[in-house]
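These are my notebook entries on one structure. I went through it topic by topic and wrote down what I looked up.

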Amino acid sequence: MDPGEQAEALRIHHGFLADETLDWLDGVLGDRREAPAFVCFHHPPVTLGVPYVDEIRLFGEDRLAAVLGRHPQVVAVLCGHAHTAAATTFAGRPLLVAPGVVSTIRLPGQNGAVADHAAPPGVALHTLDDERRLTTHCRAVTGGSSTSA
Ligand SMILES: [Fe+2]
């Protein structure tokens, strides 16, 4: 990909939250200070150590971190886009990235194309208990029977 194509891909695929969106989030969280909250959006606001997706992550993340800093009831940040189940931190909270549903990105050092389209789709189930303990379970969705006797 030449630099022009790369710049075009970044323009189309990276994430950026508009000032209006951040103002809306700040207002909604300000109206609900007593309830634990998840903040969910598409692009991870940090690098994940996967160059292909790091180039098209959410940019302007300091502006989002500033909003979250005003709302301690935010338990975690949830996102997708990266096609890999991942756990890290952002703005002092857990940042959980959902697995891919149409492909799984290969990590640096793995052989093959950028994405594994044969990998099964995945899902992340987040639970929050009464002590504000967040637990996340990731599962592949294979279409097989999962009933128990
Ligand atoms: Fe995406």
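I began with R132, which at 39% relative accessibility counts as partly exposed. The model I am reading is a predicted one. I located R132 in the loop between strand 9 (122-128) and strand 10 (134-140). I then checked its backbone: phi of R132 is positive, about 65°, although the residue is not a glycine. I noted for context that most residues other than glycine have a negative phi.

I next looked up A91, another residue other than glycine with a positive phi, here near 55°. A91 sits in the loop between strand 5 and strand 6 (93-97).

**Metal site**

Which residues coordinate the iron ion? I found H42, through NE2, and H81, through ND1, at 2.1 to 2.2 Å. I placed H42 in the loop between strand 2 (37-40) and helix 3 (51-54), and H81 in the loop between strand 4 (74-79) and strand 5 (86-90); the pair therefore ties together parts that are 39 residues apart in sequence.

H42 has 47% relative accessibility and counts as partly exposed. H81 has 17% and counts as buried, because the limit for buried is under 20%.

**Fold**

I recorded four helices and 10 strands for the protein chain. Along the sequence I read the pattern α-β-α-β-α-β-α-β-β-β-β-β-β-β. Of contacts between residues at least 6 apart in sequence, I noted that 51% join residues at least 24 apart.

In soluble globular proteins, nonpolar side chains tend to be buried together.

Leaving aside neighbours within four places in sequence, L64 is in contact with L17, L22, L25, F41, L58 and F90.

**Surface**

Buried residues make up 30% of its 149 residues. Its accessible surface comes to about 9200 Å², and carbon and sulfur atoms account for 56% of that area.

Notes:
Residues are numbered from 1 along each chain as its sequence is written. This is a predicted model: local features need pLDDT of at least 70, side-chain atom pairs count only at pLDDT 80 or more; totals for chains, interfaces and linings use all residues. Side-chain values use heavy atoms; hydrogens and water are left out. Donors are N, O and S atoms within 2.8 Å of the metal (3.2 Å for Na, K and Ca); water is not among the atoms, so sites may look incomplete. Helices (H or I, at least four residues) and strands (E, at least two) are DSSP runs, numbered from the N terminus. Buried means under 20% relative accessible area, exposed over 50%, partly exposed in between (1.4 Å probe, protein chains only). Contact means heavy atoms within 4.5 Å. Accessible areas come from the Shrake-Rupley method with a 1.4 Å probe; for residues, only the protein chains shown count as cover.
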